[in-house]
Amino acid sequence: MVEMLAAPPPLTARPAWQALRAHARHTEGDHLRDLFAADPTRGTRLTAEAAGIYLDYSKQRVSDRTLELLIRLAESSGLPGRVEAMFAGDVVNVTERRAALHVALRAPRSASIHVDGVDVVPEVHDVLERMGRFASDVRDGTWRGFTGRRIRTVVNIGIGGSDLGPRMAAEALRHYSDRSIEVRFVSNVDGTNFVEATRDLDASETLFIVSSKSFTTAETMANAGAARAWVVEALGDASAVGRHFVAVSTNAEAVRAFGIGDEQTFGFWDWVGGRYSLPSAVGLSTMIAIGPEQFRELLAGYHAMDEHFRSAPLAENVPALHGLLTVWNTSFLGMGSMAVVPYDEYLGSFPAYLQQLTMESNGKRVTESGEPVGHATGPVVWGERGTNGQHSFFQQLHQGTATVPCDLIGFLEPLNPVGAQHDLLMAHLFAQSEALAFGKTAAQLQGEGSPEWLVPHRVSPGNRPTSTLLLDRLTPYSLGSLIALYEHSVFTQGVIWGIDSFDQWGVELGKQIAASILEGFDDASAGARDSSTTELMRRYRERRGGSAVPTARR
């Protein structure tokens, strides 16, 4: 039996934390203009590179001393040992008493990683090989629907990590996809999502992937039930389910009851969290879209960053540095959010993917031992493609009262060259990095002849921190390394803050309450509720029953 950890000394009382707090106060007035002026080599020194990703963090509000203290904090928090524990399959998800071994999903067959005394790598590769055979059969037409027609559309039904991961990857790697097969996604329990996703489809050419570890996830199973009814009604035979559905689940009995055979069921493991599950069978829709070989390139990119994270010194470790900079901005500089701006059309869903990865992992208010944290934890993550974001929220980034750190992601080579547009795209990326860092002073504007009355409106204070991540080209490999970078950054943050980055108990509360409210729709006397919820439910029940719009409250 794994016991909860004994409470260590509060993080805020430790010497390394207190040294950083004092340093933050001491450097409060420092500006990036001055830091660059004092060190002409800063832009080349404060960089790191790994697995095809170049990280320029010179425009973060840090000095050599800041980095020294952050690394000291990481070491005193036991980060190197926790990294090894995760890779070794030890229990690092403390509250659920399990390993968090997503790194095993992309380990080569020659690796050996044990969980509870069992090497899990062979089983991982067995599932990957089964996935590869099935994906190839769908892609080349060997696998056909109930009426003998080829599959033209794959619809992934899932929610959370079972949707955000494969959705993001399918969009990001669309350049490499087989365009004769369209991949769509259904996640929202709002019936509109299912109706619009299937409105123009032919059931005889549609394959559904139902992705739910337990095969009981309420939203997923509601959509799966709607899909089953749609297929049976269109094809007129319940046995058609076996040719138009596959499952990603560990609940074989429930999957069989649904009508899906064992050969069309792909399992995964308790030590895989949903938001880390893309490299598992959850990524089957992505594999069908891009093919097994490209999917293995995705895994190779993940693994390359995994190995770097595990072996590189902290001062050169790209994910660790990224995580430490996030801790610095969040806990010491008081910056409660973080924008991610990819300068690539294919990465439109990447910020939403990182929202779950970061906020579900580190949106915690107690430590692993159950003690309240005494500091800020996980930032709010949001973003949009560049250059679209420049014409929506960048005004606030430049001149707003809140300082928001940004990650700017760009690729040196375009996948779809059109004239000189890639030059324009990259010029905007570099310009935003420079403008956010250095801004424009009143003196500069006056020197340019700006009218005095307009000067205050045009001043941009600068000193807004950014990190720039440059990659050669958006490929399956580079996407894998980019995702792994953020995964390990999130882990680094969690270790420093002393929180469990792998549980998500807050998500469960809403699910439990929703189940009891659902019961109350049919039985008004079921359960005592607060006056607000009771009234909201009453109004819904009246309209749900087809009655007139409820009158105003008496």
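**Charges, rings and strands**

Modeller: Glu-196 counts as partly exposed, at 45% relative accessibility. Please bear in mind that the model is predicted.

Colleague: Which residue does the side chain of Glu-196 meet in a salt bridge, and is that residue buried or exposed?

Modeller: The side chains of Glu-196 and Arg-199 meet in a salt bridge, at 3.0 Å from N to O. Arg-199 has a relative accessibility of 57%, and the cut-off for exposed is over 50%. The partner is therefore Arg-199, and the class is exposed.

Colleague: Is Arg-106, which meets Asp-306 in a salt bridge, buried or exposed?

Modeller: The side chains of Arg-106 and Asp-306 meet at 2.7 Å, N to O. The pair links distant parts of the chain, 200 residues apart: Arg-106 is in the loop between strand E4 and strand E5, and Asp-306 is in helix H13. Asp-306 is buried, with a relative accessible area of 0%. Arg-106 stands at 3%, and buried means under 20%, so Arg-106 is buried.

Colleague: How many salt bridges does the structure hold?

Modeller: One of them joins Glu-448 and Lys-440, at 2.6 Å from N to O. Salt bridges that share partners also join Glu-171, Glu-345, Glu-384 and Arg-385 into one network. The structure holds 27 salt bridges.

Colleague: How many aromatic pairs are there, and why is the pair of Phe-134 and Phe-266 described as tilted?

Modeller: The count comes to 19 aromatic pairs. The ring centres of Phe-134 and Phe-266 are 5.8 Å apart. Planes under 30 degrees apart count as stacked and those over 60 as edge-to-face, so this pair is tilted because its planes lie at 55 degrees.

Colleague: Where do Phe-134 and Phe-266 lie?

Modeller: Both residues are buried. The pair links distant parts of the chain, 132 residues apart. Phe-134 lies in helix H6, and Phe-266 lies in strand E11.

Colleague: What kind of pair do the rings of Phe-350 and Tyr-353 form?

Modeller: Phe-350 and Tyr-353 both lie in helix H15, three residues apart, about one turn of the helix. Their ring centres are 6.3 Å apart. Their planes are at 20 degrees, and the cut-off for stacking is under 30 degrees, so the pair is stacked.

Colleague: Which residue in E13 stands opposite Ala-339?

Modeller: Strand E12 (residues 337-342) and strand E13 (residues 380-383) pair in the parallel sense over four bridges. Together with helix H15, E12 and E13 make a right-handed β-α-β unit. The residue in E13 that stands opposite Ala-339 is Trp-382.

Conventions
Residues are numbered from 1 along each chain as its sequence is written. This is a predicted model: local features need pLDDT of at least 70, side-chain atom pairs count only at pLDDT 80 or more; totals for chains, interfaces and linings use all residues. Side-chain values use heavy atoms; hydrogens and water are left out. Two strands pair if DSSP finds at least two bridges between them. Helices (H or I, at least four residues) and strands (E, at least two) are DSSP runs, numbered from the N terminus. A crossover is right-handed if, with the strands pointing away from the viewer, the path from the first strand over the helix to the second runs clockwise. A salt bridge is a side-chain nitrogen of Lys or Arg within 4 Å of a carboxyl oxygen of Asp or Glu. Buried means under 20% relative accessible area, exposed over 50%, partly exposed in between (1.4 Å probe, protein chains only). Rings of Phe, Tyr and Trp (its six-membered ring) pair if their centres lie within 6.5 Å; planes under 30 degrees apart count as stacked, over 60 as edge-to-face and the rest as tilted.
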